[in-house]
Amino acid sequence: MDYKNAGVDIEAGYKSVELMKKHIQQTMREEVLTNIGGFSGAFSMEKFKNMEKPTLVSGTDGVGTKLKLAFLLDRHDTIGIDCVAMCVNDIACAGGEPLFFLDYIACGKNEPEKIATIVSGVAEGCKQSGCALIGGETAEMPGFYPTDEYDLAGFAVGIVDEKDLITGKDLKPGDILIGMASSGVHSNGFSLVRKVFNMKPEVLNAEYECLGTTLGDALLAPTKIYVKALRSVKEAGVKIKACSHITGGGFYENIPRMLKDGTHAVVKKDSYPIPPIFHMLAEDGDVEETAMYNTFNMGLGMVVAVDEKDVDATMQAIKEAGEEPYVVGYVEAGDKGVTVC
């Protein structure tokens with residue numbers, strides 16, 4: 001009896017590391033001081049010592065049950081983007097620049113080619129956000145996970161000068177809300193998605209005219225990464241007063257998180273196009289409207305609040321970063337919360 005007979009293939013682990021190295025190398029920044037394969041990752045802070053008050057910001061998250069679709073369709077090349085996005089968007093939402101990322105993959109059986117494909121997606125997410133993939137862990141756990149399934153989670157660290165933190169403290173009535181288009185469902189609400197749609201390959205691979213693609217492609221579309229868009233706004237000289245990453249809990253949970261006491265957000269439903277996938281979810285699942293806005297991003301992955309005079313500059317900066325912005329509402333005096341009307 002040995003470890004391999006117990007279900008853990010150490011040699012497969014070595015092969016996984018070798019296969020993923022080429023993807024990881026593409027994410028390197030000059031501050032990275034260590035190579036993949038060590039016990040930890042080292043990152044120099046020398047470049048940021050001239051900040052007045054350098055402040056670390058961090059985020060951690062997973063992909064959730066969206067992974068079930070990847071298993072069903074045997075497609076693992078983009079799910080890593082979701083993992084990175086969920087972490088770095090939260091950091092950018094606080095005004096931070098993501099610096100480095102670590103991933104954690106737990107699986108029932110280590111298939112090196114599949115693991116490398118997953119990590120290729122993680123590396124792509126890191127490239128999109130400008131952060132380095134400096135380490136991670138692949139845990140083979142037979143008997144805990146089915147042989148063809150895995151879980152994926154990650155952790156990111158970023159930096160911001162304390163004076164540039166986005167906190168909502170300067171928010172005031174009359175400020176304008178600008179939303180950035182999502183790519184679809186992103187990586188939240190999939191427990192409901194899987195209840196609404198029949199999760200069989202023949203259903204997921206069916207083409208839908210209203211979607212312009214298959215249902216599986218629409219649902220697996222990776223989460224948008226908004227790091228460059230938020231950086232572009234900052235570089236345009238605009239002060240982002242408050243920012244909300246629209247994740248699990250939709251509008252009703254996430255938008256109030258960016259408000260200070262005494263302010264209330266108003267979002268106009270007809271101010272931007274809602275992607276067809278959400279209409280399908282509502283209709284096929286008989287999901288009432290409030291539940292939709294309380295579960296999904298409904299087509300807006302990020303919402304920022306800026307002064308009215310900065311609206312045009314903000315819109316232009318977001319467009320220059322390759323994202324689609326919409327003026328979606330405003331801030332008024334009132335109890336902390338959001339009205340969707």
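The dialogue below walks through one predicted protein model, feature by feature.

Trainee: What should I know before reading this model?

Mentor: The model is predicted: local features need pLDDT of at least 70, side-chain atom pairs count only at pLDDT 80 or more, and totals for chains, interfaces and linings use all residues. Residues are numbered from 1 along each chain as its sequence is written, and side-chain values use heavy atoms, with hydrogens and water left out.

Trainee: How many helices and strands does the protein chain have?

Mentor: Start with the counting rule. Helices (H or I, at least four residues) and strands (E, at least two) are DSSP runs, numbered from the N terminus. Here the protein chain has 12 helices and 12 strands.

Trainee: What does the radius of gyration say about the protein chain?

Mentor: The radius is taken over C-alpha atoms, and the globule rule is 2.2 Å times the number of residues to the power 0.38. For 341 residues the rule gives 20 Å; the chain has 21 Å, so it is as compact as a globular protein of that length. Along the principal axes, its C-alpha atoms fill a box of roughly 70 × 55 × 30 Å.

Trainee: What share of the residues is buried?

Mentor: Buried means under 20% relative accessible area, exposed over 50%, and partly exposed in between (1.4 Å probe, protein chains only). In this chain, 52% of the 341 residues count as buried.

Trainee: And what about the surface and the contacts?

Mentor: Accessible areas come from the Shrake-Rupley method with a 1.4 Å probe; for residues, only the protein chains shown count as cover. The chain exposes about 15,400 Å², and carbon and sulfur atoms supply 49% of it. Contact means heavy atoms within 4.5 Å. Take the contacts with a separation of 6 or more: residues 24 or more positions apart account for 84% of them.

Trainee: How do I check the length of helix 4?

Mentor: The expected span is 1.5 Å times one less than the number of residues. Helix 4 covers residues 112-129, which is 18 residues, so it should span 26 Å. Its end C-alpha atoms are 26 Å apart, which agrees.

Trainee: Is helix 4 mostly covered or mostly open?

Mentor: Helix 4 is mostly covered, with 13 of its 18 residues buried. G125 sits in this helix. At 0% relative accessibility, G125 counts as buried. Beyond four places in sequence, G125 is in contact with I81, V84 and I225. G125 and A85 are 40 residues apart in sequence, yet 6.6 Å apart in space, C-alpha to C-alpha.

Trainee: Which residues have a positive phi?

Mentor: First the general idea. Most residues other than glycine have a negative phi. Now the cases here. Just after helix 4, G130 takes a positive phi of about 75°. H186 is not a glycine, but has a positive phi of about 60°. M298, also a residue other than glycine, has a phi near 55°.

Trainee: Where do H186 and M298 sit?

Mentor: H186 is in the loop between strand 5 (176-181) and helix 5 (190-196). M298 is in the loop between helix 11 (289-293) and strand 10 (300-306). H186 counts as buried at 2% relative accessibility, and M298 counts as buried at 5%.

Trainee: What does G108 touch?

Mentor: G108 lies in the loop between strand 2 (97-107) and helix 4. Its relative accessible area is 4%, so G108 is buried. Leaving aside neighbours within four places in sequence, G108 is in contact with E140, M141, P142, Y145, P146, T147 and E149. A139 is 31 residues from G108 in sequence and 8.5 Å from it in space, C-alpha to C-alpha.
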